[in-house]
Amino acid sequence: MADGPAPLSLTLHRRIAEIRAADWDACAGADNPFVSHAFLSALEDSGSAVPERGWLPQHAALRDEAGTLLACAPCYAKSHSQGEYVFDHSWADAMERAGGRYYPKLQVCVPFSPVPGPRLLIRPGAEVPPGALAQALVQGCQAVGASSVHATFCTADEWTALGEAGWLQRLGTQFHWTNPGYGCFDDFLGGLASRKRKVLKRERRDVQASGLVLRCLRGAEITERHWDAFNRFYRSTTDKKWGRSAYLTKRFWPMLGDRLGDAVVLMVAERDGVPVAGALNLVGRDAIYGRNWGATVDVPFLHFELCYYMAMDFAIAQGIGRVEAGAQGEHKIQRGYLPVPTYSAHWIAHRGLSDAVADFLARERPAMLREMEMLATLSPFRQAGDA
């Protein structure tokens, strides 16, 4: 393809291993570990995001005439809509009822990871506007015979750029905790209304009184026995929630630890030296991202302790500005995690379906904004006149 004065060529890759890690990471940057070559390759090499499971890699790469990678995007041809967390099942149903074919579609995302971050990965200094990469993704969609392209959990700037390129724009909601520079957890508690503060103190106190030993493990501190245990925790959670096969294979966890090193943080609860619960986090430049959790014991408030409070402790100790604790969960609000928008953009080839989805999103976006405003009123933080 050509855009501007210098011609660019698009290639699609069925394995991220076909792209040199140094070249990919030069475009992805170091802020967000989920778009790193290491994370994406662990998904593929572990058998988690592979064609047999409905995830056919089609990673997009834009190169100049010299073959230098200037921009890329993590892409997958999908035969279903599982593992994405931005739900388009009704769009697929409408297309199928009308006699069309929604799958395969092209998904620009990080599989199984509802984590906001960059999706249009452009090398710093490269004169590649986001619109050029958007155009390339549409060309890639057409080349593989897909019905549509979906960039999910992209950044606000990418959302705007894709909207300007004619893509449909969608809003979602997550709950994030912000660290303005607390010196300790008690500093955070001091900003809460009295009743909310008492609730959080009681929850942490009850977990401490349970007899469990809580540990925060990072990088090489996480051993094979921890990963074996964590896989059991993860399977326990997926079996309870969905009653079907887990997205991530047993091989993924140690592979993740080996490839991402100190970017991996595992909160573990032990009883008599045996791990009984755990919460997995990845660390970026200015955020710690909570991902998966599970337990083989039923201890009140243990989920909140491992997934939320210990992540907040870690962020405070490391001077990290934000904790993102994953998708859904309005219960997070009472623990200081406030609603923030998430963004996705969609290009649909079929004009009729595109128009129908555009009409739906035009009504959904203001409704999402109103919902976030309402949820923000549930904030536990002390207001003027509160104790």
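Trainee: Where is the place of Y85?
Mentor: Y85 sits in the loop between β5 (75-78) and α3. Keep in mind that this is a predicted model.

Trainee: What is phi of Y85 near?
Mentor: Phi of Y85 is near 75°, a positive value in a residue other than glycine. Most residues other than glycine have a negative phi.

Trainee: Why does Y85 count as partly exposed?
Mentor: Y85 has a relative accessible area of 25%. Buried means under 20% and exposed means over 50%, so a value in between is partly exposed.

Trainee: And F301, where does that lie?
Mentor: F301 is in the loop between β13 and α10 (302-318). Its phi is near 70°, again a positive value in a residue other than glycine. F301 is partly exposed, at 22% relative accessibility.

Trainee: What is the lining of the second largest pocket by class?
Mentor: Ten nonpolar, seven polar and four charged residues.

Trainee: You mentioned α11. At what angle do α3 and α11 pack?
Mentor: About 145°, with the axes 11 Å apart. Helix α3 covers residues 89-97. The crossing of α3 past α11 is right-handed.

Trainee: Which residues meet there?
Mentor: From α3, W91, A94 and M95. From α11, L353, V357, F360 and L361. By class, that contact has seven nonpolar residues, no polar and no charged ones.

Trainee: What is the peptide bond from Y103 to P104, cis or trans?
Mentor: That bond is cis, with omega near 5°. Most peptide bonds are trans. P104 is found in the loop between α3 and β6 (105-108).

Trainee: Switching to the inside. How many cavities of 30 Å³ or more does the structure hold?
Mentor: One. About 80 Å³ of space lies in the largest cavity. There are 14 lining residues, and F39, S113, F252, R291 and N292 are the closest to its centre.

Trainee: Which elements each supply at least two residues of the lining of the largest cavity?
Mentor: α2 (37-45), α9 (252-260), β12 (274-283) and β13 (288-295). The largest share is three residues, from α9.

Trainee: And by class, what does the lining of the largest cavity have?
Mentor: Eleven nonpolar, two polar and one charged.

Trainee: Stay with α2. How many of its residues are buried?
Mentor: Eight of nine, so α2 is mostly covered. The buried residues are H37, A38, F39, L40, S41, A42, L43 and E44. F39 is also among those closest to the centre of the largest cavity.

Trainee: What covers the buried residues of α2?
Mentor: The cover includes α1, β2 (55-57), β3 (59-63), β5, α9 and β12. After α2 comes G47, whose phi is positive, near 80°.

Trainee: What does P33 touch, leaving out residues up to four places away in sequence?
Mentor: F39, L260, L282, V283, G284 and Y289. P33 and G284 are 251 residues apart in sequence, yet 5.9 Å apart in space, C-alpha to C-alpha.

Trainee: Last one: E324. Buried or exposed?
Mentor: E324 is buried, with a relative accessible area of 5%. The residue sits in strand β14 (residues 322-327).

Trainee: What is E324 in contact with, beyond its neighbours within four places in sequence?
Mentor: V115, P116, Q174, H176, I288, Y289 and G290. Y289 is also one of the residues that P33 touches.

Key:
Residues numbered from 1 in each chain as written. Predicted model: local features only at pLDDT ≥ 70, side-chain atom pairs only at ≥ 80, totals over all residues. Heavy atoms only, no water. Nonpolar A, V, L, I, M, F, W, Y, C, P; charged D, E, K, R; others polar. Axes fitted to C-alpha atoms, helices over the stretch in contact; angles between N-to-C directions. Helix = DSSP H or I, 4+ residues; strand = E, 2+ residues; numbered from the N terminus. Left-handed = near helix turned anticlockwise from the far one by under 90°. Contact = heavy atoms within 4.5 Å. 1 Å grid on protein atoms, 1.4 Å probe; cavity = no way out; pocket = protein on both sides within 12 Å on 5 of 7 lines; lining within 4 Å. Points joined across faces, edges and corners; volume = space filled by probe spheres on them. Buried < 20%, exposed > 50% of the residue type's maximum accessible area, 1.4 Å probe, protein only.
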